[in-house]
Every structure is written in C-alpha cells, then in structure tokens.
Amino acid sequence: MGSGHFLEEGVGKSSCFRNIQIVDASNNVKVPKGIGTFTEQSNCYDVQTGSNGDWGHSVYHGGPVWV
C-alpha cells in the first residue's frame, strides 16, 4: 500500500485512511482509542496518526521504496 510519496509531501501525495471507526461485537460503531504506529524501516516509509473534526481519526502513510 502507499502512493510512492513521503508524508512530508502532504495531503494529495501521501496515502491515508480517514474517519477510522471500529464496530464492536454488539454492532456499535466506536471511535478508536490509543492508536499507535511504528515502522521497521523509517528510511523507506513513514506513518503517523492524526485527528480533526473533518476527517476524524486518520492514519497517513507513504514512502517511495518497497522492501
């Protein structure tokens, strides 16, 4: 997955998942808590989380190199 562009290139270049929600066992939609990220090869790709009123909880990722 990814667009081939690092996050620093901004929205429209890097890839993202937005308005992330979780459906629990009772079929209720909930906002995720404690979203974490990590990369094993930060020289190849980057990932970070965000949250705002328009896009909800989001994860942005990208990088030009696939290993």
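This is a predicted model: local features need pLDDT of at least 70, side-chain atom pairs count only at pLDDT 80 or more; totals for chains, interfaces and linings use all residues.
**Entry 1: the fold along the chain.** I read along the sequence and noted the pattern β-β-β-β-β for the protein chain. My tally for the chain is five strands and zero helices.

**Entry 2: the sheet.** Next I looked up how strands are arranged. I found an open sheet of three strands, in the order β1-β5-β4, with antiparallel pairing. Which strands stand at the edges? They are β1 (15-17) and β4 (46-52); each has a single partner strand, so one side of each is left without a neighbour in the sheet.

**Entry 3: β1 against β5.** I went through this pair by itself. How many bridges join β1 to β5? I get three, and the two strands run antiparallel, with β5 covering residues 56-62. For a landmark in the pair I picked C16, which has Y60 of β5 standing opposite.

**Entry 4: whole-chain numbers.** I took the extent of the C-alpha trace along its principal axes, and it spans about 40 × 25 × 15 Å. Burial came next: 19% of the 67 residues count as buried, taking buried as under 20% relative accessible area. The chain exposes about 4900 Å², and 50% of that is supplied by carbon and sulfur atoms.

I then checked contacts between residues at least 6 apart in sequence; 50% of them join residues at least 24 apart.

**Entry 5: charges.** Last, I counted 4 positive and 6 negative charges, and their mean positions are 10 Å apart.

Key: Residues are numbered from 1 along each chain as its sequence is written. Side-chain values use heavy atoms; hydrogens and water are left out. Two strands pair if DSSP finds at least two bridges between them. Helices (H or I, at least four residues) and strands (E, at least two) are DSSP runs, numbered from the N terminus. Buried means under 20% relative accessible area, exposed over 50%, partly exposed in between (1.4 Å probe, protein chains only). Contact means heavy atoms within 4.5 Å. Accessible areas come from the Shrake-Rupley method with a 1.4 Å probe; for residues, only the protein chains shown count as cover. Lys and Arg count as positive and Asp and Glu as negative; His and the chain ends are not counted. The place of a charge is taken as NZ of Lys, CZ of Arg, CG of Asp or CD of Glu.
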